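Please look at the sequence and the structure shown below.

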Amino acid sequence: MAFICLDIECLYIFLLCTAFGYTLPSNMEIKVNPPQDFEIVDPGYLGYLYLQWQPPLAVDNFKECTIEYELKYRNTDSESWKTIVTKNLHYKDGFDLNKGVEAKIHTLLSRHCTNGSEVQSSFSEATYWKPEQGSLETKIQDMDCVYYNWQYLLCSWKPGIGVQFDTNYNLFYWYEGLDNVLQCVDYIKENGKNIGCKFPNLESSDYKDFFICVNGSSESKPVRSSYFIFQLQNIVKPLPPDYLSLTVKNSFDIDLKWSIPKGPIPSRCFIYEILFTEDNSWMTNTVENEMHITRMLNESQEFCFSVRSKVNIYCSDDGIWSEWSDEQCWEGDGWKENLTFFMIPFGIVSLFVLLLTCLLLHKQKTLRKSIFHMKKEVFSHQETLC
């Protein structure tokens, strides 16, 4: 009660001084109370929590002042606080429910009604922990979600360690725009157990937190739930380019081009990684779908490249590289050298065979002439005898 009276007395003195053109002495202290009924509320959206509070006591004493609230919050394992300043009495954000949540808030008075000094209250604090059941080993393992080509989402996981044979898992999800939490309707199964989910078309789900909970059921013992939060544009895996072309000038200047990957991703959202293969391999990046390079040496007679794609930093904070495209190669002028290498011995052999053939034909012709002359002499000798 005395604290409230002190606030009223200070405000009265301040208004009186202001009315008569006086300023408050520097040693006059103005105090304000912290917000009331500060709490963290879970509406059941798998990690999307409400932080809400009520105005401080004796707030009517500061009707001429702008009252703001500085809110700090984080998951309990985080080293840094997220901070916002607001005039509202509530705030909403996403949290990892695998961990605890802590928040604190205090009241701020604007400088124009506090003689230019900063006036703030002490902090009100609140915490929240999701009730846990089941041992840590029963949680799913190796959760992996990929948003393929910015079109369809697929998540997969492995069962927990040492879970009972009758254990099965179910996936639930929510994002802003959905009226309620939804359950997966197209599970990926292995031996009759759910090990993944193929999501339906997700409308208006980009650039906002996407919440997932995978819980389990077993008649033997309880199963620990797992919570995940991410944004879909940060887990996109696009297609690779399906057409590559390579033009070489003078064996040194090379122009490379490739098609923009198919699908709904805008061309401005791509970054490409190009893998070159000559005597050794090297890589480089570009946001264009073409590139010009100059070879410093012309020792290698083969030059190959392949390309993969990823969503760039202008459209997402992160992403997943596509598979590599088929390789496109240029074989250089080596075929001419190889042709020369094979033609020279082939020509020598052919010439040798030709000479040998001519020699045999010549010998055959000479032999025929000899036989003919021998027959003629024998015939002439027979005529003489007659």
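## The disulfide of C145 and C155

C145 and C155 are joined by a disulfide, with a distance of 2.0 Å from S to S. This link belongs to a predicted model. A disulfide is a covalent bond between the sulfur atoms of two cysteines. The pair links distant parts of the chain, ten residues apart: C145 lies in strand 9 (residues 141-148), and C155 lies in strand 10 (residues 152-158).

Is this disulfide right-handed or left-handed? The torsion about the S-S bond of C145 and C155 is about 115 degrees, so the disulfide is right-handed. Both cysteines, C145 and C155, are buried.

## The disulfide of C184 and C197

The structure has four disulfides, and one of them joins C184 to C197, where the distance from S to S is 2.1 Å. The link of C184 and C197 is right-handed, with 105 degrees about the S-S bond.

This pair also links distant parts of the chain, 13 residues apart. C184 sits in the loop between strand 12 (182-183) and strand 13 (187-190), while C197 is part of strand 14 (residues 193-198). C184 is buried, and C197 is buried too.

## The disulfide of C269 and C315

The sulfur atoms of C269 and C315 are 2.0 Å apart and form a disulfide. The link of C269 and C315 is left-handed, with -75 degrees about the S-S bond. Distant parts of the chain are linked here, since the two cysteines are 46 residues apart.

Where are C269 and C315 placed in the chain? C269 is in the loop between strand 19 and strand 20. C315 is in the loop between strand 23 (303-311) and strand 24 (328-330). Both C269 and C315 are buried. Another cysteine, C213, has a relative accessibility of 5%, so C213 counts as buried.

S259 is located in the loop between strand 19 (253-258) and strand 20 (270-277). Is S259 buried or exposed? S259 has a relative accessible area of 18%, and because buried means under 20%, S259 is buried.

The side chain of S259 makes a polar contact of 2.8 Å with the side chain of D242. Not counting residues up to four places away in sequence, S259 touches P241, D242 and Y243.

## V248 in strand 18

V248 belongs to strand 18 (residues 244-249). The relative accessible area of V248 is 22%, so V248 is partly exposed. Partly exposed residues fall between the limits of under 20% for buried and over 50% for exposed.

Which residues is V248 in contact with, leaving aside its neighbours within four places in sequence? They are D253, I254 and W330. V248 and F303 are 55 residues apart in sequence, and their C-alpha to C-alpha distance in space is 9.8 Å.

Is L360 buried or exposed? L360 has a relative accessible area of 51%, and because exposed means over 50%, L360 is exposed.

Conventions:
Residues are numbered from 1 along each chain as its sequence is written. This is a predicted model: local features need pLDDT of at least 70, side-chain atom pairs count only at pLDDT 80 or more; totals for chains, interfaces and linings use all residues. Side-chain values use heavy atoms; hydrogens and water are left out. Buried means under 20% relative accessible area, exposed over 50%, partly exposed in between (1.4 Å probe, protein chains only). Helices (H or I, at least four residues) and strands (E, at least two) are DSSP runs, numbered from the N terminus. A polar contact is a pair of N or O atoms within 3.5 Å; within protein, one must be able to donate a hydrogen and the other to accept it, and residues adjacent in sequence count only if both atoms are side-chain atoms. Contact means heavy atoms within 4.5 Å. A disulfide is a pair of cysteine sulfur atoms within 2.5 Å.
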